[in-house]
Amino acid sequence: MNRIALALDLGGTNLRLAAVGENGTIYSRSRSETPRGSSGDNVIDLIVQLAENCRNGLADPTKVCAIAAAVPATINIEEGILNKLPNLRCLEGVPLREILAKRLGVEAVLENDATAAAIGENWLGASRGVETSICVTLGTGVGGGLVINGDPYRGKDGTAGEVGHICVEPNGHPCGCGSRGCIEQYASATAVIRLAKSAGLAVSSSSEVYDAAIGGDERAVAVFASMGSYLGIGLAGLVNVLNPEMIVLGGGVSAAWDLFAHQVRREVNERAFPEPADRVKIVRAELGDDAGILGAARAVFASVGKGAAN
Ligand SMILES: [Zn+2]
């Protein structure tokens, strides 16, 4: 077999496309900024154009068997429709699977971006060969994906793995999901900036908070310690529920690993049952920005040609 999949990472900031082989080789790439305040049609036109660029960049474009899209959304898997996209509302309700299949002439698969990252890390990254793992993406928001007994777990409605919306502070900061005190409000880049500002730091990015912490600013150090604590409190519950072998932490904020990972580990050790707490390895992701693209490609190879519903 020598198939190639086009894999899309549909981010709120960038659209990234790659042509990926069945062994994970990336043959060509294309990317563009995500159009802001644009219509859904414009975003779709751009995706199709990038996909065509990617396909035409191949020695043999006929090897492309499908397109897989990792999307920051909950997905109606049966219908291939995007449900909620807080960062790209112009695509809500859009039947993206059918549109991409029709316009590109190949099968299409949609995958939640955090689930795609979990699949990617399990295929070629930190959790290679691991049967049961949780992958948490600490970015603008906090995403989560589950791999259980070697397979991605999506849940009945395709919404499983929303680690970022576990409540860790009952009366805490309001969350975009409608609840309050979610992990996302304490462990995302957005949260790190908010917490740093409320501690009196003049910062506009989580990397500035990181730089301040490395420079010895105790307020910035405390922000990351608190972030690690909240994340660990949430993960301790998941460790008890799922008894995973590994938790993989990725996304931009994971670059601050040395400032928060020990707090995550401490909370897991203090709160989870001893056996699963001892068992679980807590590690950094290895694939960086490519986790979603590679995972989406892996998902498409697993489903296309097998008659899978999605
Ligand atoms: Zn929430």
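Residues are numbered from 1 along each chain, as its sequence is written. Because the model is predicted, local features need pLDDT of at least 70 and side-chain atom pairs count only at pLDDT 80 or more, while totals for chains, interfaces and linings use all residues.

The protein's domain assignment gives domain 1 (4-113 + 290-303) and domain 2 (128-286); such bounds come from an automatic or database domain assignment. Taken over C-alpha atoms, the centres of domain 1 and domain 2 are separated by 27 Å. Where the two meet, nine residues of domain 1 are in contact with eight residues of domain 2, contact being C-beta atoms, placed from the backbone, within 7 Å.

Now to the sheet. Helices (H or I, at least four residues) and strands (E, at least two) are DSSP runs, numbered from the N terminus, and two strands pair if DSSP finds at least two bridges between them. An open sheet with mixed pairing is built from five strands, in the order β10-β9-β8-β11-β12. Its edges are β10 (151-152) and β12 (281-284); each has a single partner strand, so one side of each is left without a neighbour in the sheet.

Strand β11 (residues 246-250) pairs with β8 (residues 133-138) in the parallel sense, over five bridges, and S133 has M246 as its bridge partner. With β12, β11 also runs parallel, joined by four bridges; here V248 is partnered by V283. Five of the five residues of β11 are buried, meaning that 20 or more other C-beta atoms lie within 10 Å of a residue's own C-beta, placed from the backbone (12 or fewer is exposed, in between is partly exposed). M246, V248 and G250 point one way from the strand, and I247 and L249 the other way.

Lying across β8, β9 (142-148), β10 and β11 is helix α3 (residues 113-124), which runs at about 50° to β9; axes are lines fitted to C-alpha atoms, for helices over the stretch in contact, and angles run from 0 to 180 degrees between N-to-C directions.

The loop between α7 and β11 holds P244. P244 counts as buried because it has 24 C-beta neighbours inside 10 Å. Setting aside neighbours within four places in sequence, P244 is in contact with T132, S133, I134, V239 and V280. P244 and A277 sit 33 residues apart in sequence, yet 9.2 Å apart in space, C-alpha to C-alpha.

Over in helix α2 (residues 96-104), L96, R97 and L100 are buried. Seen down the axis of α2, these buried residues fall within an arc of 100°, so they line one face of the helix; the arc is that of the directions from the helix axis to the C-beta atoms. Their cover includes β4 (64-71), β6 (81-82) and β7 (107-112). Just after α2 comes G105, with a positive phi of about 70°.

Last comes the core. A nonpolar core is a set of buried Ala, Val, Leu, Ile, Met, Phe, Trp, Tyr and Cys residues joined through C-beta atoms within 7 Å. The largest one has 99 residues, of which A5, L8, A68, A69 and A296 touch the most other members. Helix α7 (residues 218-242) supplies the largest share of this core, eleven residues. Domain 1 and domain 2 each give at least three residues to this core. Not counting residues up to four places away in sequence, A5 touches V20, C65, A66, I67, A68, A297, V300 and F301.
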